[in-house]
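Subject: Structure handover

Hello,

Here is the structure for you to look at. My notes on what was found follow below it.

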Amino acid sequence: MTNQAKYKVNLIIDFPFESEITAVNEEEAVDKAMDKAMEYLESRLSDSHRFDEFWEYQIQHKILKVKKNQLNQA
């Protein structure tokens with residue numbers, strides 16, 4: 001028998017991303033930067049080695065809450 005329990009974990013996963021954009025206004029600049037960030041993330045997800053490196057060195061996380069689930073025992 002193991003001493004394992006179920007937990008519910010809430011996290012925020014964050015990664016910094018900066019790009020230089022040529023745009024007509026701030027709204028367009030944000031849209032283009034979001035597109036570039038998405039392309040960057042997709043490129044990391046498509047290669048497991050690159051993803052591991054990305055996750056290890058660029059991702060920042062914040063633990064919001066950890067809650068142990070109570071099991072009903074009969």
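How many salt bridges does the structure hold? There is one, where a salt bridge is a side-chain nitrogen of Lys or Arg within 4 Å of a carboxyl oxygen of Asp or Glu.

Before the details, some notes on the source. This is a predicted model, in which local features need pLDDT of at least 70 and side-chain atom pairs count only at pLDDT 80 or more, while totals for chains, interfaces and linings use all residues. Residues are numbered from 1 along each chain as its sequence is written, and side-chain values use heavy atoms, with hydrogens and water left out.

The salt bridge joins glutamate 28 to lysine 32, with the closest N and O atoms 3.4 Å apart. In general, side chains of opposite charge can pair when their charged atoms come close. Both residues sit in helix α1, four residues apart, about one turn of the helix; helices here are DSSP runs of H or I with at least four residues, strands are runs of E with at least two, and both are numbered from the N terminus. Glutamate 28 has 27% relative accessibility and so counts as partly exposed, as does lysine 32 at 32% (buried is under 20% relative accessible area, exposed over 50%, partly exposed in between, with a 1.4 Å probe and protein chains only).

Helix α1 (residues 26–45) also packs against helix α2 (residues 48–57), at an angle of about 120° and with the axes 6 Å apart. Axes are lines fitted to C-alpha atoms over the stretch in contact, and angles run from 0 to 180 degrees between N-to-C directions. The two helices are therefore oblique to each other (under 35 degrees is roughly parallel, over 145 roughly antiparallel, 65 to 115 roughly perpendicular, the rest oblique). Tyr40, Leu41, Ser43, Arg44 and Leu45 of α1 meet Arg50, Phe51 and Phe54 of α2, contact meaning heavy atoms within 4.5 Å.

Next, the strands. Lysine 62 lies in β2. Leaving aside residues up to four places away in sequence, lysine 62 touches Asn10, Leu11 and Ile12. Lysine 62 and isoleucine 12 are 50 residues apart along the chain, yet their C-alpha atoms are separated by 5.2 Å.

Valine 9 belongs to strand β1 and, with a relative accessible area of 46%, is partly exposed.

Regards
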